[in-house]
Amino acid sequence: MRWAFKDHVTPFRLVPLPSPPSPSPGERCCGPEPPGQRTSWTSDSAALEAGALSRHPDKNKHPQAEDRFIEISKAYEILSQEAKRSEYDAFGSGGENTDFPRHHEHRFRQHAGNFYFEESFMHFPFGSSDHQEPIDEKHLLHFSHYVNKVVPDSFKKPYLIKVISDWCFTCAHIEPVWKEVVEELEVLGVGIGVVHAGYERRLARHLGAQSTPSIIGVISGKISFFHNAVVPENLRQFVENLLPGNLVEKVTNKNYVQFLSGWQQDNKPHVLLFDKIPDIPLPFKLTAFAHKDWFLFGYVHVGTRGAEEMTRQFNVNVHAPTILVFREYTDKPANAIQAPRMKEEAINNFFTQNKYLFATRLTNQKLFQELCPVKRSHRQRKYCVVLLTPEAAKSSQPFEAFLSFAKANSQDMLQFMHAYSDRQPEFANAFLPDSEAFRGKSVVSILERRNMGGRVLFKTLQDPWTGSESDKFVLLSYLEQLRKDSTLLSSEAVLPDLIDELAPMILVRWLFTAASCIADCLEDLYHNNWREMIPLLSLAFSTIFVLFGTFIIQAFCDSNYDRESKHPDKRKAQEKAEKTVSSLTKESTSKVPKKGFVEVTELTDVTYTSNLVRLRPGHMNVVLILSNSTKTSLLQKFALEVYTFTGSSCLHFSFLSLDKHREWLEYLLEFAQDAAPIPNQYDKHFLDRDYTGYVLALNGHKKYFCLFKPQKTVEEEEALGACDPDPSLPEGESRGKPGGLGPKPLKGKLSKLSLWMERLLEGSLQRFYIPSWPELD
C-alpha cells in the first residue's frame with residue numbers, strides 16, 4: 001500500500017526509505033539517491049523500524065541523522081495507528097503534540113508586517129490570522145512609513161493611532177468601538193494607523209507607548225495621548241481637541257465685513273460656511289486645518305437672526321450646507337459650492353481651484369515659486385504678470401485697475417500678482433528701468449521663469465502703469481502676442497530670493513516655543529504615572545536641595561557678620577589688615593616691569609611724529625614737562641613714580657623741554673578747561689609762568705590728552721617766603737624761576753603721580769580733545 005503525503009499540508013514530511021540491502025559503513029546514510037531510483041513510501045512497520053535504527057544518533061554520527069530519526073519515528077507512529085492515519089488524510093494532521101523540535105512545531109508566514117500562525121494554535125483568537133481584523137491590517141504602520149508619510153501628512157490632517165500587541169485582552173475588548181470610530185472618521189479625512197508593539201518596538205518607543213492598548217493622536221508632528229474611556233463620543237472629542245482652537249471664526253452680521261476685508265493683511269482668500277448646526281461641524285474644522293495655509297475660514301449659523309443679512313445679500317440656501325469663497329471683492333463671492341452631503345474629493349478640488357487671490361501679493365519666495373512655476377514644456381508655459389507698486393499706493397487707481405484687469409483676464413496660462421517695491425527693493429530693481437521716470441511709480445512686467453536658480457525672461461511696459469484704458473490695451477496686446485510669439489520677452493535677469501514679509505520675529509517664535517514646551521510638560525506631569533515621573537521628581541528635589549543649602553550657608557554668613565558688627569574696633573583693624581594684604585597682592589600680581597630701568601625719550605621735532613602724531617591706536621605717550629635747571633631731579637622722581645607701569649607695552653614715556661617748546665604747551669593748555677588761564681602777550685607774568693612738573697598723557701590716534709598738575713608743597717610755600725602769590729595764577733603755578741627751590745620741593749611735585757597713573761589706566765580721568773596736533777617748533 002502506498003501513501004502520498006503533500007508537503008504543503010503537513011508540518012513535517014516523511015522521508016523515503018532506502019532499498020535493502022542496508023548501506024555499507026562507508027556510505028553516507030543521508031546522501032542523495034542514486035540516479036533513476038524511484039522514491040517510494042511504505043507502510044511496512046519492519047522497514048520503517050529498520051530505517052529508524054540505521055539513523056539512530058548512537059549509531060550514525062551524521063549531523064542530520066537525529067532529525068531524520070525523529071521524522072521516521074513520527075511517520076511510523078501515524079502509519080501504525082488507523083485513527084491517526086485517517087485524521088491525517090482528512091485534516092493533514094496526525095494529532096501530533098508539541099514534543100517536536102521548535103523549527104518543526106508550527107509553520108508560520110509573514111503578512112503585512114506581522115507574523116501569525118498558519119494553524120490555529122489552541123483555537124485562541126489573539127495572534128491568529130483567521131481572527132485578524134481586516135481594518136487593522138489595512139492601517140498597519142512601520143517606522144519608516146511613520147517618519148516619511150505620517151509625520152509630514154500630520155501638518156494637513158490629524159492622525160489617530162492605536163498601539164496593540166498579542167495576547168492583549170483589552171485590545172479585543174475595544175475593537176468594536178475602534179472599528180466604528182475609524183469607519184466614521186476616515187471618511188472625514190482623519191488619518192488612521194495601527195502599530196503592533198511586538199514587531200514595531202522602535203516605533204512604539206518613539207511614540208511613547210508604555211502599555212497596550214494605547215490610543216495616540218498626532219498633529220503637526222506633535223504626539224498626544226488619549227486618557228479617557230474608550231467610547232465613540234470620547235474618541236471624536238479627542239480628535240476635535242487635537243485641532244487648533246482658532247481655525248474657524250464665528251461670523252455674524254456685525255463682523256462679516258471686517259472678516260472679508262482681511263485679505264489685504266492676510267493675503268489669502270476668505271471662506272464662509274453656512275449651516276444650521278449651532279457648533280462648528282468637525283468635517284469643516286478638518287477641511288480648515290487641511291487648507292489653513294491658503295484660506296481663512298469663518299462659520300455662519302443660519303439659524304440665528306445675526307445671519308439673516310448675509311444670507312439675503314449672498315443669496316444663500318439655508319436648507320443645505322453652503323461654502324462661499326471671497327477674494328478681493330467682498331460684496332460678491334468668487335465661487336460657491338452647495339450640497340446636502342459634500343464629498344471630501346469634491347471639496348478639495350473646489351479649494352484647489354480657488355487657492356489664490358486674483359492678484360496675490362508676493363510676500364515670500366515659496367509663494368512666488370508656486371504662483372509662477374518653472375517652465376516644464378511648451379504646453380506648460382505660464383506667464384506671470386507682476387505689478388510693482390509702492391505700498392502707499394495699494395488703494396489707488398493703478399492697483400484697482402490692475403485688479404479689475406486680472407479678474408477679467410484670468411486664465412490658466414496667466415497668473416497675476418503684485419509686490420510692494422519698497423518692501424522688496426532688490427526684486428523690484430531687477431525689472432525697473434534705470435530711468436528716473438519710473439521711480440516711485442507703478443510698473444507692470446511680464447515674466448517667465450526658466451530655472452530654479454532665479455533666471456527669468458521678462459518684458460517691462462515702456463511707460464509707468466497708471467490704470468488708464470490705454471495702459472490696459474497695451475498690456476492686453478502684449479499678452480495676445482505672447483500666445484503666438486514667446487520671443488517678446490527679450491530681457492533676461494537673475495532674481496534674488498524674496499524677503500519673507502510675514503515671518504514672525506525671533507522673540508515671538510521663542511515665546512510660542514516656550515509656551516508649547518510648558519504645555520507639554522504640564523500635560524505629561526498630569527497624566528504620566530509615578531514611574532515615568534521619577535526623573536522629573538529627582539530633578540525637582542535636587543534643585544530644592546541646592547537652593548535650601550545655599551539659603552542655610554547664607555544664613556550662617558549673615559550671623560557671623562552680625563557678631564563681627566558688635567566689635568567695631570576689632571572689625572576696623574581687620575579691614576585695615578585686609579586692605580594692606582590686598583594692596584600687597586595687587587602690587588605683586590601686577591605686570592612686572594620688563595626692564596630694570598625706565599626708558600624716557602625727549603620729545604623733539606624729530607621724534608614728534610613717531611611718538612605722538614602717528615602713534616598706534618590704543619597707545620599713549622606720558623610726557624613730563626621740565627626745564628634745563630630741573631631736568632635731573634624731576635627725571636629721577638618721574639622714573640621712580642612710573643617704574644611700576646613700564647610693564648605695559650601700550651605706554652611710552654617722554655619729557656618736553658619748557659625752554660624750547662613753551663608755545664606748544666600753552667596752545668595745548670588752552671583746551672584744558674580751568675587748567676590754566678589763557679595767557680596773552682600783555683601779561684607781565686607770561687614768561688615767568690612755571691609749568692615744571694606737569695605731566696601730559698597724549699593719545700595721538702584719538703587726539704585727546706589728560707593733564708596732571710603738581711600740588712604746591714609746604715617747602716615751596718616756605719621757599720617763596722613773604723612773596724604773595726598772584727591770585728590770577730591757578731593752584732600749583734607760581735611766578736619766578738624755579739631754580740631757587742631745593743631738590744626736595746621739586747621732587748615733591750610728582751609725589752602723587754603714581755595715583756594719577758592708576759586712574760589713567762582705569763580710564764577715569766578727564767579727557768581734553770583737540771582738533772589736531774600743533775606743530776612742534
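Predicted model: local features only at pLDDT ≥ 70, side-chain atom pairs only at ≥ 80, totals over all residues.
Local features rest on residues with pLDDT of at least 70 and side-chain atom pairs on pLDDT 80 or more, while totals for chains, interfaces and linings use all residues. Residues are numbered from 1 along each chain as its sequence is written, and side-chain values use heavy atoms, with hydrogens and water left out.

Rolling a probe the size of a water molecule over the atoms shows where empty space is left. A pocket is an open set of points on a 1 Å grid over the protein atoms alone, where a 1.4 Å probe fits and protein lies on both sides within 12 Å along at least five of seven lines; its lining residues have an atom within 4 Å of a point. The largest pocket has a volume of about 870 Å³, a volume being the space filled by probe spheres set on the points. It is lined by 36 residues, of which Pro-283, Thr-287, Glu-344, Ile-347 and Asn-348 are the closest to its centre. Two or more lining residues come from each of α7 (175-188), β8 (270-275), α12 (282-290) and α14 (344-353), where helices (H or I, at least four residues) and strands (E, at least two) are DSSP runs numbered from the N terminus.

The strand β8 is mostly covered, since six of its six residues are buried, that is, under 20% relative accessible area with a 1.4 Å probe and protein chains only, whereas exposed means over 50%. His-270, Leu-272 and Phe-274 point one way from β8, and Val-271, Leu-273 and Asp-275 point the other way. Strands pair if DSSP finds at least two bridges between them, and β8 pairs with β9 (residues 296-301) in the parallel sense over six bridges, with Leu-273 standing opposite Tyr-299.

Elsewhere, an open sheet of six strands with mixed pairing has the order β12-β14-β13-β15-β16-β17. β12 (360-361) and β17 (491-494) stand at the edges with a single partner strand each, so one side of each is left without a neighbour in the sheet. β12 runs parallel to β14 (residues 414-420), joined by two bridges, and Arg-361 stands opposite His-418.

In helix α23 (residues 631-642), the buried residues are Ser-633, Leu-634, Lys-637, Phe-638, Glu-641 and Val-642. Seen down the axis of α23, these fall within an arc of 145°, so they line one face of the helix, the arc being that of the directions from the helix axis to the C-beta atoms. On the other side, Thr-632 and Leu-640 are exposed.
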